Amino acid sequence: MATVYFDEATRKFSKDDAPAVDGITLDIADGEFLVLVGPSGCGKSTTLRMLAGLEPVDGGRVLVDGHDQKGVRPRDRDIAMVFQSYALYPNMTAAQNMAFALDNAKVSKAETRQRVAEAAKILELEQLLDRKPGQMSGGQRQRVAMGRAIVRNPKVFCMDEPLSNLDAKLRVSTRSQIAGLQRRLGITTVYVTHDQVEAMTMGHRVAVLRDGRLQQVDTPERLYDAPVNTFVASFIGSPAITLVESSVREGNAEVHGVSVPLDRGVAGRAGEKVVVGLRPESWHVVGSPEGDGDSSSVALNVELVESLGSESFVYGRPAGAGEDAGRVTVRLDKRTHLTVGDVVHVQPNRGEVHVFDAASGERIG
Ligand code: ATP
């Protein structure tokens, strides 16, 4: 087991382009499951590949257990990588694929057999050990790729979108299997995904990247409840948070014509431009859905209803507002039946408002 420390780590592919990874500092604890998440091209894979030694570090350092990895070859790093493509050898059986790295490392035949058998048991691959990748389903291949990492008993697991080739249902079940496995093995894991739900459900902590820069590293709960800026606020949470430009007046911010009381810290910033964020569950319906609202509620023209069975999400545009006013997303319980074209009156819940500085996007309350 091991700690991992990115110390201002930077990767610049060409001198004319902005760095793909721009001075990332990140301290990963022994046994931690750390997820790197962010939109396509934000530098997640490059960060992971620097740790695995597959990408040079152009500035700063990457340390494992306090040792700078500069000059240490990938195969000497004691780090096992699981790729999106699985990278299995097609002509080898599952057992041979798992044993391959151990054979190369001159581990004895008996020990190799034992380690493969143990991994196969953990991953329920015992019946499939003689099959070649072409004779296995995507989920089974994924487990062989995991098995290959496990048998090495490495200091660190690096996983780059290992679930993206699985169908939606298998992805959800494999998600919890990997998280459970990591908990049992206690091996420090750095996991890359662009899927924020995957990140939130698997990571002890989640690091959000944007344009090669770290935005926030926090527990899933903190990321959701206290995003440091509008980028993190809109990236984390599905459906996304509603962000509305406003300004502070007499301790309130106006959201589509409705006064929303602000915390004391923010309320004093009279006249300042802010962005107010409200999550879908931070609204409630006023009166009957079809009834009249009052001046303290927002009348929404319903444009889309997504019913998930246990709850539904309504996407609406404030009545009277222009096209550029943006939509408001509201979670409703399943008993509220609305259809496109209805008008629903909603009110923000007290104390559930996020406030950001309009110019910088930074959280202020
Ligand atoms: P995705 O989710 O799409 O895989 P990512 O967040 O993993 O994206 P990276 O693959 O780390 O992003 O790429 C970060 C940036 O570096 C991108 O702008 C990409 O175009 C650039 N990049 C990656 N690899 C190379 C390379 N070998 N040469 C030049 N630029 C590269």
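The C-alpha centres of domain 1 and domain 2 lie 39 Å apart. This is a predicted model, where local features need pLDDT of at least 70, side-chain atom pairs count only at pLDDT 80 or more, and totals for chains, interfaces and linings use all residues. Residues are numbered from 1 along each chain as its sequence is written.

Domain 1 covers 4–235 and domain 2 covers 242–357, with bounds from an automatic or database domain assignment. Where they touch, 5 residues come from domain 1 and 5 residues from domain 2 (contact means C-beta atoms, placed from the backbone, within 7 Å).

Now for the helices (DSSP runs of H or I, at least four residues, numbered from the N terminus). H2 (residues 94–104) and H3 (residues 109–122) pack at about 135°, their axes 10 Å apart; axes are lines fitted to C-alpha atoms over the stretch in contact, and angles run from 0 to 180 degrees between N-to-C directions. H2 and H3 are therefore oblique to each other (under 35 degrees is roughly parallel, over 145 roughly antiparallel, 65 to 115 roughly perpendicular, the rest oblique). H2 brings Ala-95, Met-98, Ala-99, Leu-102 and Asp-103 to the contact, while H3 brings Thr-112, Arg-115, Val-116 and Ala-119.

Last come the strands (DSSP runs of E, at least two residues). Two strands pair if DSSP finds at least two bridges between them.

| Strand | Partner | Sense | Bridges |
|---|---|---|---|
| S15 (residues 283–285) | S19 (residues 343–348) | antiparallel | 3 bridges |
| S16 (residues 298–307) | S19 | antiparallel | 4 bridges |

Val-285 stands opposite Val-346 in S19, and Asn-301 has Val-343 of S19 as its bridge partner.

Key
Contact = placed C-beta atoms within 7 Å.
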